[in-house]
Amino acid sequence: MGGSSGSFALFEEIIKLVTKPLPCALIFVLHRGKSSLSELPVLFNSKTKVRMEEPQHLDLLDTNCIYFAVPDYHLLIGPDQRFYLDAAEKDFFSRPSIDATFISAAQSGIPIKAAMLFSGASEDGAKGIRQIAEAGFRTYVQNPDFAEAQKMPLAAIDAYDKHQILNEENLFEEIRSILYSHST
Amino acid sequence: MIVLEYQELELLIVRVREISGFDFSGYARPSLLRRAARYLTKHAMSLSELIVHLEQGGKVVYDFIQELTVNYSEMFRDPDFFISLRSEVISYLESFPAIRIWVAGCASGEEAFSMAILLKETGLYNRSLIYATDLSERVLSSAREGIFSLGHMRTFSENYLLAEGKYSLSDYYHVAYGQAVMVPDLRKNLVFSLHDLTGDGVFNEFQMVSCRNVMIYFNLEQRQKVFRLLYESLAMFGFLCLGKRETLRYSGYEEHFRVIDTRLNIYQKIK
Ligand SMILES: C[S@@+](CC[C@H](N)C(=O)[O-])C[C@H]1O[C@@H](n2cnc3c(N)ncnc32)[C@H](O)[C@@H]1O
């Protein structure tokens, strides 16, 4: 799941949906300032009982774990099912970049249950979520009409018009059913 | 955007080795893949065009290798690290009559100059020798010149103050032709030389080795080999400094070090 400004509160609500063990790894990439020190697993500690982590370089990906990209590094996923931190150039002035994580996931050969993109004021993520869709996985974009910042979901839909749209009414039910579905 | 596949990347690694002798096989694939794909996109090239282009050899391959081995650096990068060095490590180094420090993967010298300034401000510089190495001859020659842009110096000055520097960074350089030139006094005990962490061996024994933001580019196996090299280059009770998100995890040497600073990844060799 990727998002930028306006996505933090959504992510918090999504984490609250995780009330039982997850059949997949759930990875959040949120744009944050370089020096943002607050660790999201600590911040969200009371919201779920499922394990939360900021993956470190070379950690193995686990199911039933929620991961948050650390600030100032791209979070890549390798074919060996390990996380890789990368300090190379920013994308759209962002590190972590959502594109970087999405593209690496699409290329890793690891099955992706779904990719989702939410509110944000940059075009990061559009390329990556398109690549995931074209690799045959399910992709969802928040309806820009009710996103706090429209640019990110709009850019994703502009780049590829076959993403499914997440509407306000059933946003959380839908996400919950995707998380716990058994396909892919 | 150009998409590059892992198999194509392997092909590219082999060709680069054949053309230039430079071997990327110990580097982390996901990062290499991302950077190689960005290179192709930026230069609007396909993989086969790139290979033809690289076959010209010389500067062309060199530029490509340069792009793939991130050289970004800052003086007093992660200012907290220098604060921790001063409080946790310096007092220990003081007990040595002669101090040898190795900055491995020094880029254009930013970190080595920061180290020299720190040693100067703690009164140890005159009996210290800093060896700063990198595999890129280009960054080394710019390090030897000790010239930085004034724009970068502004960021470095902010870092210096955050690192609790005692004076002002501008005390350590003068401005000539719109650029910052590090003062000769700082370069006195600073040696820049070529060293490839993936191919060259131990060349001295050090009280401290700083290898920050370099390990992250290696794959698991290569990383273990480099850890071995750093371990063997350290004197007993010497210090190993890694980057902000680089730990001893998966190094094979966890048992041989004691943690001095968990957050900033400073370790001490204990066996
Ligand atoms: C990101 S810079 C880090 C510079 C500095 N240590 C810092 O933390 O700011 C990484 C440096 O490692 C160098 N490097 C990469 N592979 C290397 C190798 N095999 N041997 C020596 N240096 C290497 C690169 O040329 C680059 O200058």
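Helices (H or I, at least four residues) and strands (E, at least two) are DSSP runs, numbered from the N terminus. This is a predicted model in which local features need pLDDT of at least 70 and side-chain atom pairs count only at pLDDT 80 or more, while totals for chains, interfaces and linings use all residues. Residues are numbered from 1 along each chain as its sequence is written, chains are lettered from A and ligands numbered from 1 in the order in which they are written, and side-chain values use heavy atoms, with hydrogens and water left out.

**Stop 1: backbone of chain A**

Select the loop between β6 (83-86) and α3 (98-108) of chain A, where Pro96(A) lies. The peptide bond that leads from Arg95(A) into Pro96(A) is cis, with omega near 10 degrees. Phe92(A) is found in the loop between β6 and α3 of chain A. Its phi is positive, near 45 degrees, in a residue other than glycine. Phe92(A) has 35% relative accessibility and counts as partly exposed; buried means under 20% relative accessible area, exposed over 50%, and partly exposed in between (1.4 Å probe, protein chains only).

Next, go to Gln81(A), in the loop between β5 (74-77) and β6 of chain A. Gln81(A) is not a glycine, yet its phi is positive, about 65 degrees. Gln81(A) is partly exposed, at a relative accessible area of 38%. For reference, most residues other than glycine have a negative phi, and most peptide bonds are trans.

**Stop 2: the sheet of chain B**

Move to chain B and show the open sheet of seven strands, in the order β6-β2-β1-β7-β8-β10-β9, with mixed pairing. Two strands pair if DSSP finds at least two bridges between them. The edges are β6 (190-194) and β9 (257-261) of chain B; each has a single partner strand, so one side of each is left without a neighbour in the sheet. On average, neighbouring strands of this sheet are turned by 20 degrees against each other, direction ignored.

Zoom in on β7 (residues 206-211) and β8 (residues 234-242) of chain B, which pair in the parallel sense over five bridges. Met208(B) has Phe239(B) in β8(B) as its bridge partner.

Axes are lines fitted to C-alpha atoms, for helices over the stretch in contact, and angles run from 0 to 180 degrees between N-to-C directions. Helix α10 (residues 220-233) of chain B also packs on the sheet, touching β1, β7, β8, β9 and β10 (266-269) of chain B, with its direction at about 135 degrees to that of β8(B).

**Stop 3: the nonpolar cores**

A nonpolar core is a set of buried Ala, Val, Leu, Ile, Met, Phe, Trp, Tyr and Cys residues joined through side-chain atoms within 4.5 Å. The largest has 77 residues, and those with the most contacts inside it include Leu9(B), Phe24(B), Trp102(B) and Leu240(B). Helix α2 (residues 29-42) of chain B supplies the largest share, six residues. Select Trp102(B): among the residues that it touches are Tyr131(B), Leu197(B), Met208(B) and Leu230(B), not counting residues up to four places away in sequence.

**Stop 4: Ile83(B)**

Finish at Ile83(B), in helix α5 (residues 79-93) of chain B. Ile83(B) is partly exposed, at 24% relative accessibility. Leaving aside neighbours within four places in sequence, Ile83(B) is in contact with Leu162(B), Ala163(B) and Glu164(B). Gly165(B) is 82 residues from Ile83(B) in sequence and 8.8 Å away in space, C-alpha to C-alpha.

Methods: Contact = heavy atoms within 4.5 Å.
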